[in-house]
Amino acid sequence: MRLAMAFLFLAALISAPGVKAAAPGQPFASYWHPASLLAWSPATDPDAPFNRSNTPLAATFVNPALNVNSHARLNEARVVSLVAFASTSGNPSQGGVTMPYYAPNYWQYMHELVFWGGSASEGIILAPNPTVIDSAHRNGVSVLGNVFFPPTAYGGQFQWVTDFLQKSGSTFPVADKLIQVAQYYGFDGWFLNQETAGGNAATATAMRDFIKYIQANSSLRVMWYDAMSESGSVGWQNALTSSNDLFLQDNGMVSDEMFLNFSWSASGLASSRTRAQNLARSSYDLFAGVDVEGSGYNKSLDWSAIFPETGAHVMSLGFYRPEWTRNSSSSVVDFYVRDNRFWVGANRDPGNTATTDAWKGVAHYIPAKSPITKLPFVTNFNTGHGSRFAVNGQTLRTGEWNNLSLQDVLPTWRWIVQSTGEKLIPDFSFSDTYYGGTSLKVSGNITATNDLKLFETSLPVSFNTSLRLAYKMGASGVATSMQAAFSFEESPTDFHFLDLGATTSAGWNTKTFGLGAFAGKKLAVLGLRFQSANAVNNYTIRVGQIAVYNGPISSPAPPSLVTVDGASSIDATTATARLKWTHSPDPVYYYNVYRRNPDNSRTWLGATPNNAYFVPEIKHTTAETFAPIEIETVGMDFGTSAVAAAKVFFPVTFVSTGAVWKYNDSGANLGTAWRAPSYNDAAWLTGISPLGYGDNDEATRVEDNSTPGYTAADTNRYITTYFRRSFTVANAANVTALRLAVQRDDGVAVYLNGQRVFLDNLAADALSTQTADSSLSGADESAYLSGTVDPALLIEGNNVLAVEVHQSSADSSDISFDLLLDADLDLSLPTFTISPANKTVIAGWPISLGVSARGAAPLTYRWQKNGQDIPGALASTLQIPTATTSDGGSYRAIVTNNSGSATSAGAIINVVPLPIIKPPALSPDGATAVFTFTAEAGLAYDIEESIDLISWSVAQTITGQAGTQTISLPAGQARHFYRLKIRSL
């Protein structure tokens, strides 16, 4: 079987069980064709910040003294997994609200993971999402993005190969973009699979040079798939031969690794090993491909050709689609059973893989490696998905979720239980958790001592090192019969034990031990011992955390500058939001995101190590306009910071899914008049969406033709069905964004108040009898397409949506229609743009104070004097027609909208009596007129002069001065008149 067939199976994933329709605002992992990749920039891609991983690639080790399986050979073969987590276009960036999800948790046997995908219709270049990168890197596993040029039979176009390999001078522009993508998103390289026919030897040479360019200009890894040969033609060698070794080694390294096609033979692998060695390359850079997509561990395989029982490994192992363990399972529990058998074998013990089953598990051949080399080390046994989420023993979310970014480093060995009697059974539990969605559950009968080996470590112990465990038995005062077990590298099989005693509560208990007595040593194994002087039947204990750390638990700094980058409605009581913040200056395991509830409790909304997070679900009541959001830093030792706060304002849903619509299913040609708001649709029928026929999931079935009722065999159906719905908008000016999501099958046009605002799969000038451009099938029929609408098209009061859905042909079997329309309102707090100013006025004058404010309408005002409301002063201006001295004081305005209030700066009003002005006196020589008067600060005094009592000019001005003022003016020879004019500043 060729890897090309992966294209067919990938398409089926779109409608896989457990996959929900995308929430509005949902960011997805990036995918491109070569031309669109060249146009990509993280600065212009709104989803790019949500696709970054901040988790570095951990170093790993294997302690030879702790190799639990004598068959497993150290420092030889490696394992790569090609995994498709969803369709190319359907990989959410940061998890979701379903529990069924492929959660790799046997990273200890993997060297690399390829984020498999790519298709002609979606994009042939796929970058991994950050949840996979975070989890893999935490466990020391590299992650590669995928480039898949499909065969022409599956839509491949050789032009894409030409675009991919284009040069600009001495550079390869697409290679530069591949480097930029990997470095920005934080993954480790690319898997290249060229299966499109049409190439020649020049194509192969260009591909070799392209790969070398990546090697010379980055530290990225490249894995080549055995498809295109050195002649440029597509042909699978199933071995390393003279026809494809150009892509591995040619005057230096080309690719870091090569994935050999599935139809290999033992002799072909042996010759491949020899050729690799002759090229001065390790044969472990070659990966024998094993397709397990269809049958998993039931696959018939010549294991001895790769891993001889009596000699060195021939080469490494490449799994294609090991997520079979999830896709073939009947439940999450069944997935874990299958996944354990796939990696560990039928005995559920990596140290005991003896079985008559041909599939002995990867642990039979590959020793487990560990990334646990640094303190602090904390595991909550969180596998990265669940049906609840707990924080320190308190359940803060009920409901399914998945997010591999939150997956802890899980036990190295699953499971090694040593006992001379009945063995206890360890497993993951989803029903009661301490931190995250899973805990370790150990159950059974204690008839003898049981030793459970969990983690291989290399952890330095200091004078202030502590070991903490969280555990639960469901009752207080119950003997745990459990001890912490650990050994040191100097003697890794000699264990020390610390007894946890009895529980002190029915809930989660914690116990901390100081390890200072062992300072200078290195922990090699962490485990648990279970023993009791008397037999214990039906024993069950849950272990929620094991932590090893130095000093007191930290209190890291919170993130800063939290912003809400948009919110959307799923329905009237559920919203999504996109959040961003500035990274804490301290080391971060991840950030918890909470909603503070009206009763002051908290709901966990999700978490990420990233600086941006998409919240997939915020529940709220219809009366709430916003939700308080709190983000806390979780440190590497699981200490937490103070919270950074923000508010998510909920969009207003004008039309929800499942709404009542009017519809016309008569088959008539309604022309264009039906789109207008004034159109009379009183005679139309009404029904709840989704509306349609043929899929058996519609809430309202409409007629398909003139024969009443739906008959699947009919082939003469109406082409067009019409839908209308009115909705009311108050304060249309407050709407800052308007979005719709449309479910349609096949073509659709949407009109708002007579203006077309959305068109899909239909000609722009389509007549009512015109068919849709193409027929939809599968998940496309139920998908919701998103679009934005100009909010300026809304009008105050009644608005009308009009929708026409077109069949692709008269014999098309089904139609579907539903629609969501929501809006962002300007719900910002009011702010003052103009505040009242200080004034001094003379008694008897009018007083006028004014303010200007901005913010979401409606804005209301009230005025206060000396902190007390002024009755009736409810406008943006305050008028006092005739001031008295009692009107002096401090005045301020308060403006309020639905989001809150703001208070202006205070203005001091000073009311003074009319000044006493002495008549002007002439100097003895008659040349000067002298004015004397008492001035007040805050007033301006203009001395004006005239010779005719008609035209006046300002001779002198005194501004803002207080006290007795004396002004002397030349009297002149002609007759002069003078007057004093007083004005407020």
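In which loop is asparagine 696 found? Asparagine 696 is found in the loop between strand E34 and strand E35, the latter being residues 700-701. The structure discussed here is a predicted model. This briefing begins with loop residues such as this one, and then turns to helices and strands.

**Loop residues with a positive phi**

- Asparagine 696 has a positive phi of about 65°, although it is not a glycine.
- With a relative accessibility of 74%, asparagine 696 counts as exposed, because the cut-off for exposed is over 50%.
- Alanine 280 likewise is a residue other than glycine with a positive phi, in this case near 65°.
- The loop that holds alanine 280 lies between helix H7 (266-278) and strand E9 (286-291).
- Alanine 280 is exposed, and its relative accessible area is 68%.

**Cis peptide bonds**

- Serine 689 and proline 690 are joined by a cis peptide bond, for which omega is about 0°.
- Proline 690 lies in the loop between strand E33 (685-688) and strand E34 (691-693).
- A cis peptide bond also leads from aspartate 745 to aspartate 746, with omega near 15°.
- Aspartate 746 belongs to the loop between strand E37 (735-745) and strand E38 (747-752).

**A buried histidine**

- Histidine 364 is found in the loop between helix H10 (332-344) and strand E11 (377-379).
- Is histidine 364 buried or exposed? Histidine 364 is buried, since its relative accessible area is 3% and buried means under 20%.
- Leaving aside residues up to four places away in sequence, histidine 364 touches Asn69, His71, Ala72, Glu309 and Thr353.

- Helix H3 spans residues 130-138 and is mostly covered, with nine of its nine residues buried.
- The buried residues of H3 include Pro130, Val132, Ile133 and Ala136.
- Also buried in H3 are Thr131, Asp134, Ser135, His137 and Arg138.
- The partners against which the buried residues of H3 pack are strand E3 (112-115), strand E5 (142-149) and helix H5.

**Helices H5 and H6**

- Helix H5, one of the elements against which H3 packs, covers residues 173-185 and packs with helix H6, residues 201-217.
- The angle between H5 and H6 is about 45°, and their axes are 10 Å apart.
- H5 and H6 are therefore oblique to each other.
- The crossing in which H5 passes H6 is right-handed.
- On the H5 side, the contact involves Val174, Ala175, Asp176, Leu178 and Ile179.
- On the H6 side, these residues meet Phe210, Tyr213, Ile214 and Asn217.
- Of the residues in the contact of H5 with H6, seven are nonpolar, one is polar and one is charged.

- Strands of a sheet pair through backbone hydrogen bonds, and the pairing is either parallel or antiparallel.
- Strand E17 consists of residues 450-460, and ten of its eleven residues are buried, so E17 is largely enclosed by the rest of the structure.
- E17 pairs with strand E14 (residues 416-419) in the antiparallel sense, over four bridges.
- In this pairing, serine 419 stands opposite asparagine 450 in E17.
- E17 also pairs with strand E22 (residues 522-530), in the antiparallel sense and over eight bridges.
- Here leucine 452 stands opposite leucine 528 in E22.

**A sheet of three strands**

- An open sheet contains three strands in the order E56-E55-E58, and the pairing is antiparallel.
- Strand E56 (953-959) and strand E58 (977-984) are the edge strands, each of which pairs on one side only.
- On average, neighbouring strands of this sheet are turned by 20° against each other, direction ignored.
- Strand E55 (residues 939-946) is joined to E58 by eight bridges, and the two run antiparallel.
- Tyrosine 941 stands opposite isoleucine 982 in E58.

Technical notes:
Residues are numbered from 1 along each chain as its sequence is written. This is a predicted model: local features need pLDDT of at least 70, side-chain atom pairs count only at pLDDT 80 or more; totals for chains, interfaces and linings use all residues. Side-chain values use heavy atoms; hydrogens and water are left out. Axes are lines fitted to C-alpha atoms, for helices over the stretch in contact, and angles run from 0 to 180 degrees between N-to-C directions. Angles under 35 degrees count as roughly parallel, over 145 as roughly antiparallel, 65 to 115 as roughly perpendicular and the rest as oblique. A crossing is left-handed if the near helix is turned anticlockwise from the far one by less than a right angle, and right-handed if clockwise. Contact means heavy atoms within 4.5 Å. Ala, Val, Leu, Ile, Met, Phe, Trp, Tyr, Cys and Pro count as nonpolar, Asp, Glu, Lys and Arg as charged, and the others, Gly among them, as polar. Buried means under 20% relative accessible area, exposed over 50%, partly exposed in between (1.4 Å probe, protein chains only). Two strands pair if DSSP finds at least two bridges between them.
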